[in-house]
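User: Please take a close look at one spot in this model for me, then carry on from there in one go. I'd like the cut-offs spelled out as you use them.

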Amino acid sequence: MTVQTSQRRSGGGYLDRPASSGLADVIDIILDKGMVIDVYVRVSLVGIEILTIDARIVIASVDTYLRFAEATNRLDLYERGGKDLFDALGETSERTSSGKVSGAIKGVKEAITGGDEEEEEEEEEQEERRRPAKKAPAPQRTGNR
Amino acid sequence: MTLALSEIDEVLEEPQRRAYYVYGVAAKTPDMSGLKGVQEAGVHALPAGDLAVVVSLIDLDRPPRSRSDLLAHSAVLDTLARSGPVIPVQFGSVLADLDSVESDLLRARGEEFRSLLTELEGRTQFVMRASYREGVVLREVVAGDQRIADLRMRTRSLPEAASYADRVRLGELVSRAVEEKRASDAEGLLAEVLPLTVASSPRAGSGMDHVINIALLVDNDRISALEETLEDLAGAAHERMTIRLLGPMAPYDFVGDPGGLVD
């Protein structure tokens, strides 16, 4: 149940205070942030940038509207009333929001950043100063429902 | 402004394809012992007058951009930030040699760094994120707009292909309604939180559950007040949304503008 989850996480309160940041949080926090200096080489993070922009654009698209419609139409599943309602709601909504929308975006980011050793070895190119960005592969839309 | 000779001797012996990965600029020479940076390299503070440039010597043939490099970049900076003010440099910034560190970085921008570090002294960044519990907010939206309730009834009973236009319309109305709720909920949160901060910087957010994502710069003696306020807000709003507080962390969001962070 959602309430218990948040209580566990923050040791008694409702505020969620993760002790350490996972990869998705770290990318979110440091991407495009920090002082820009003149450099000899800037390591390319182009793939991640493109995906972040992509995630922002999607917000106003027909696809997004369809997702909103679908989520709204799913509501009847828990329109039962009574005392169980909040429990069912909390659980379902948390799974929906983190699993479906933000989860998908995080998943894409992780996929691009890679992280397993094999992928690191392959990514040997680097972006010399002012070299045009290499195009990143298009993000896959995962239809997990 | 000169770099410490011992550091220079040490690094000149390194092979050609090596270069300096720059994490940031600190106000004093911090204790870097035991810290692992990108490519698992040691982290060094190159002292230069009252500043120190924090670097790792890295292998340019294998540029840092793996999961562990990203984590190392933020871990080094967050550790630095705990012991004093630091200016985080954007991830992936590499300088060719010590000459560049001294001439391009310190000589060209030393004054700017000094004044920024003074502003950051005794202050800490946090990131606050609020997210809706999607089901709860969508129910509010359906209950609050008859057109949405009607469209929902109609599209639910039809096959997808037959109701495409109606579903797009439904989604658009819901999306707008959520957007309005978001604006007013975000405003309500900010009214409580911003008075406790020195500066704030909104961050991009997405997804239908997004309410607010914002970086906050806080005087260290207001941190517990911020935590208490957010705890109260999170408790009061917990049926509709969750609130996360990330940090303390280095001031990534408050070093981009040369104009300074405080109006």
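Analyst: Asp32(A) is partly exposed, because 17 other C-beta atoms sit within 10 Å; the cut-offs are 20 or more other C-beta atoms within 10 Å for buried, 12 or fewer for exposed and anything in between for partly exposed, with C-beta atoms placed from the backbone. Keep in mind that this is a predicted model: local features need pLDDT of at least 70, side-chain atom pairs count only at pLDDT 80 or more, and totals for chains, interfaces and linings use all residues. Residues are numbered from 1 along each chain as its sequence is written, while chains are lettered from A and ligands numbered from 1 in the order in which they are written.

What makes Asp32(A) worth a look is its phi, near 65°, a positive value in a residue other than glycine. Asp32(A) belongs to the loop between α2 (23-30) and β1 (41-42) of chain A. Helices (H or I, at least four residues) and strands (E, at least two) are DSSP runs, numbered from the N terminus.

Gln39(B) has 18 C-beta neighbours inside 10 Å, so it counts as partly exposed.

Move on to β2(B) itself (residues 44-48), and you find four of its five residues buried. β2(B) runs antiparallel to β3 (residues 51-59) of chain B, with five bridges joining them; strands pair if DSSP finds at least two bridges between them. Pro47(B) faces Ala52(B) across that pairing. The two strands make a hairpin with two residues between them, and Gly49(B) in the turn has a positive phi of about 65°.

Pro248(B) is in strand β9 (residues 241-249) of chain B.

Now the helices. In α4 (residues 134-144) of chain B, the buried set is Glu134(B), Gly135(B), Val137(B), Leu138(B), Val141(B) and Val142(B). They share one side of α4(B), because they cover an arc of only 165° around the axis, an arc taken from the directions from the helix axis to the C-beta atoms. On the face turned away sit the exposed Ala143(B) and Gly144(B).

Helix α6 (residues 164-193) of chain B has 30 residues, so at 1.5 Å a residue it should span 44 Å, and its end C-alpha atoms are 42 Å apart, which agrees; the expected span is 1.5 Å times one less than the number of residues. Its buried residues include Arg167(B), Leu170(B) and Val193(B). Their cover includes α4 (62-73) of chain A and, from chain B, α4 and α7 (223-237) among others.

Zooming out, chain B comes to seven helices and nine strands. Its radius of gyration is 24 Å, well over the 18 Å that the globule rule gives for 263 residues, so chain B is more spread out than a compact globule; the radius is taken over C-alpha atoms, and the rule is 2.2 Å times the number of residues to the power 0.38. The C-alpha atoms fill a box of roughly 75 × 45 × 30 Å along the principal axes.

Note on methods: Two residues are in contact if their C-beta atoms, placed from the backbone, lie within 7 Å.
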